[in-house]
Amino acid sequence: ILSVAGCMLQGGTPTGHKTIHITIPYNKLIQRSLVIKFPIHTPAGSLTVTAARLIYHSKKNTLVTKINDAVFIATGVLNARYAF
C-alpha cells in the first residue's frame with residue numbers, strides 16, 4: 001500500500017490524498033521498475049507525506065491468507081516535503 005497526503009501547515013487545510021495498492025509477486029523473476037504519479041497539489045506552505053505498508057500473504061494449497069504476525073507488518077514514512 002502506498003499513500004500520499006498533503007495539507008497546508010497553517011490551518012491544516014488538506015491539499016489532497018491518494019492511496020494505491022500494488023502486488024509484488026514473490027518469485028525469482030526480476031520486477032520492472034514502476035513510476036507512480038500521485039495527483040497531489042503542492043502549493044507553497046504545504047507539507048506532503050508519502051508512506052508505505054507491506055502486507056504479506058501466504059499460500060497453502062489454494063488458500064491465500066494475510067499474515068498478521070507483527071514481525072511482517074512493516075510501515076514507514078518514505079518522504080516528507082515542505083513546499084516553499
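**Close-up 1. Leu2 sits across from Ala52 of strand E3.** This is a predicted model, where local features need pLDDT of at least 70, side-chain atom pairs count only at pLDDT 80 or more, and totals for chains, interfaces and linings use all residues. Residues are numbered from 1 along each chain as its sequence is written, and side-chain values use heavy atoms, with hydrogens and water left out. Strand E1 covers residues 2-8 and E3 covers residues 46-54; the two pair antiparallel over seven bridges. Strands here are DSSP runs (E, at least two residues), numbered from the N terminus, and two of them pair if DSSP finds at least two bridges between them.

**Close-up 2. Ala52 again, this time with Gly76, its bridge partner in E6.** Strand E6 takes in residues 74-82, and E3 pairs with E6 in the antiparallel sense through eight bridges.

**Close-up 3. The hairpin of E1 and E2, with five residues between the strands.** Cys7 faces Pro14 of E2. Look for Gly11 in this hairpin: its phi is positive, near 95°.

**Close-up 4. A nonpolar surface patch made of Leu54, Tyr56, Val71 and Phe72.** Patch members have over 30% relative accessible area and no salt bridge, and nonpolar side chains are joined within 5 Å. A salt bridge would be a Lys or Arg side-chain nitrogen within 4 Å of an Asp or Glu carboxyl oxygen. Leu54 belongs to strand E3. Its relative accessible area is 44%, so Leu54 counts as partly exposed (between buried, under 20%, and exposed, over 50%).

Methods. Helix = DSSP H or I, 4+ residues; strand = E, 2+ residues; numbered from the N terminus. Patch = residues over 30% accessible without salt bridge, like charges linked within 9 Å, V, L, I, M, F, W, Y side chains within 5 Å. Areas by Shrake-Rupley, 256 points an atom, 1.4 Å probe, with all protein chains shown as cover. Buried < 20%, exposed > 50% of the residue type's maximum accessible area, 1.4 Å probe, protein only.
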